[in-house]
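Here's a quick briefing to read alongside the structure.

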Amino acid sequence: MAWLRTVEPYLRPFMQSYARMRRGLVLGVRGLVQDDQGRVLLIEHTYIKGWYMPGGGVERGETAEAALAREMVEEAGVEIIGRPTLLSIHDNRRIFPGDHVLIYRIAAWRQVTATQRGEIAQIGFFAPDALPETTTRATRNRIAEALQGAAIDPFW
C-alpha cells in the first residue's frame with residue numbers, strides 16, 4: 001500500500017472537500033500513550049509519510065472520547081481503561097481550514113487486537129528523546145508539550 005503515499009497529495013483536496021460537505025467543522029483526536037518504560041506509542045500510516053500519535057476524525061453523532069476509543073483500537077490495538085485526559089486543542093488550518101485536533105493522555109490501557117484493515121504500516125513505542133527521524137513536526141511538538149513542559153502552541 002506504499003503507492004497510497006504517492007497519490008495522497010493528489011487525493012487530499014477531494015477528501016477535504018468530502019469532509020467539508022459532511023461537516024462544517026472538522027474535529028480530530030489523537031492519543032498520547034506511554035508504556036511502563038515511558039516510551040510513546042506512534043504509528044506510521046500506509047498512505048502518508050511520517051510517524052504520528054494514533055487517532056482520527058470524530059464522526060457525526062460521536063463524542064470526541066468515543067472517537068478516540070474507536071481510533072485507538074482500530075489503529076493501535078489500544079483499549080482505553082477509564083477516561084482519557086484532555087491535554088490541548090490545536091487549530092489545524094494550515095492543513096485544512098476549520099480542522100481542530102484534540103490531544104488526550106491515556107493513562108490506563110490494555111493491548112487488544114487492532115481492527116484496522118491495511119491503514120497502518122507500523123506501530124511502535126519510542127523514547128521521547130529518540131523518536132523516529134520521520135516523526136512529524138506536529139507530533140514532536142505535542143509530545144514536548146505533554147512530557148517536557150513546552151508551551152502549548154494553539155496551532156497544529
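Predicted model: local features only at pLDDT ≥ 70, side-chain atom pairs only at ≥ 80, totals over all residues.

Two strands count as paired if DSSP finds at least two bridges between them.

**Around strand E7**

- If you want landmarks, find Ile89, which sits opposite Leu102 in E7, and Leu32, which faces Arg105 in E7.
- E7 itself spans residues 99-106 and is mostly covered, with six of its eight residues buried.

**Zooming in on Ser88**

- Ser88 is part of strand E6.
- Is Ser88 buried or exposed? Its relative accessible area is 9%, so Ser88 counts as buried, the cut-off being under 20%.
- The side chain of Ser88 makes a polar contact of 2.7 Å with that of His90.
- Setting aside neighbours within four places in sequence, Ser88 touches Val101, Leu102, Ile103, Glu145 and Ile152.
- One of those contacts, Leu102, is the residue that stands opposite Ile89.

**The three-stranded sheet**

- There's also an open sheet of three strands, ordered E3-E2-E9 and paired antiparallel.
- Its edges are strand E3 (51-52) and strand E9 (120-126), each pairing on one side only.
- Strand E2 (residues 40-45) is tied to E9 by six bridges, with the two running antiparallel.
- Within that pairing, Leu42 has Gly124 in E9 as its bridge partner.

**Helices on that sheet**

- Helix H2 (residues 64-76) packs on the sheet and touches E2 and E9, its direction making about 70° with that of E2.
- Helix H3 (residues 137-147) lies across E2 and E3, and runs at about 170° to E2.
- Glu145, one of the Ser88 contacts, falls within the residue range of H3.

**A closer look at H2**

- With 13 residues, H2 reaches 17 Å from its first C-alpha to its last, close to the 18 Å expected at 1.5 Å a residue.
- Which residues of H2 are buried? They are Ala64, Ala67, Leu68, Glu71, Met72, Glu75 and Ala76.
- Seen down the axis of H2, these buried residues fall within an arc of 130°, so they line one face of the helix.
- As background, an α-helix has 3.6 residues a turn, so residues three or four places apart point the same way.
- After H2 comes Gly77, with a positive phi near 65°.

How values were computed: Residues numbered from 1 in each chain as written. Heavy atoms only, no water. Helix = DSSP H or I, 4+ residues; strand = E, 2+ residues; numbered from the N terminus. Contact = heavy atoms within 4.5 Å. Axes fitted to C-alpha atoms, helices over the stretch in contact; angles between N-to-C directions. Expected span 1.5 Å × (residues − 1). Buried < 20%, exposed > 50% of the residue type's maximum accessible area, 1.4 Å probe, protein only. Arc of directions from axis to C-beta. Polar contact = N/O pair within 3.5 Å; in protein donor to acceptor, adjacent residues only side chain to side chain.
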